[in-house]
Amino acid sequence: MDDLTGFQRDLLYVITGADQPSGQDIKDEVESYYSSDINHGRLYPNLDTLVNKGFVEKGELDRRTNYYAITDEGNTAIQERREWESQYVDL
């Protein structure tokens, strides 16, 4: 997880908090957080990176729509990140 960008980590968190969201679902959620438009040229390459690193699984909902789901490796990476963060931030 330490080699992910902040944007990629945000995508990973959004995917973790949803039940097999589509790319559009992820885009909508991230846009609401960033308060700006996220173009497809930024979104999908970053999702592909998460898939290639094994943090996210990509599947087909139908011929036009893919879904994304967190993997066990992704869950482990998030847990390790949260433990690391808790050393510095106590909320």
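Which residues do ring pairs link into a cluster? In this predicted model, the residues that ring pairs join into a cluster are F7, Y33 and Y34. The report begins with these rings and then turns to helix packing and to the nonpolar core.

## The aromatic cluster

The structure contains three aromatic pairs. In one of them, the ring centres of F7 and Y34 are 5.8 Å apart and the planes stand at 85°, so this pair is edge-to-face. An angle over 60 degrees is what places a pair in that class. F7 belongs to helix α1 and Y34 to helix α2, so their pairing ties together parts of the chain that are 27 residues apart in sequence.

Y34 also pairs with Y33. Here the distance is 5.5 Å centre to centre, with 75° between the planes, and this pair is likewise edge-to-face.

Y34 has a relative accessible area of 28% and is partly exposed. Y33, at 64% relative accessibility, counts as exposed, because the cut-off for that class is over 50%.

## Packing of α2 against α3

Two packed helices are described by the angle between their axes and the distance between the axes. For α2 and α3, the angle is about 115° and the axes are 11 Å apart. The crossing of α2 past α3 is right-handed.

Which residues meet where these helices pack? From α2 come G23, Q24, I26, K27 and Y34, and from α3 come H40, R42, L43, Y44 and L47.

## The largest nonpolar core

In soluble globular proteins, nonpolar side chains tend to be buried together. The largest nonpolar core of this model has 18 residues, among which L11, L12 and I26 touch the most other members. At least two core residues come from each of α1 (6-16), α2 (23-34), α3 (40-52) and α4 (72-86). The helix that gives the most is α1, with five residues.

I26 may be examined individually. When its neighbours within four places in sequence are left aside, I26 is in contact with L11, V14, I15, P21, L43, L47 and Y68.

Terms used. Residues are numbered from 1 along each chain as its sequence is written. This is a predicted model: local features need pLDDT of at least 70, side-chain atom pairs count only at pLDDT 80 or more; totals for chains, interfaces and linings use all residues. Side-chain values use heavy atoms; hydrogens and water are left out. A nonpolar core is a set of buried Ala, Val, Leu, Ile, Met, Phe, Trp, Tyr and Cys residues joined through side-chain atoms within 4.5 Å. Buried means under 20% relative accessible area, exposed over 50%, partly exposed in between (1.4 Å probe, protein chains only). Helices (H or I, at least four residues) and strands (E, at least two) are DSSP runs, numbered from the N terminus. Contact means heavy atoms within 4.5 Å. Rings of Phe, Tyr and Trp (its six-membered ring) pair if their centres lie within 6.5 Å; planes under 30 degrees apart count as stacked, over 60 as edge-to-face and the rest as tilted. Axes are lines fitted to C-alpha atoms, for helices over the stretch in contact, and angles run from 0 to 180 degrees between N-to-C directions. A crossing is left-handed if the near helix is turned anticlockwise from the far one by less than a right angle, and right-handed if clockwise.
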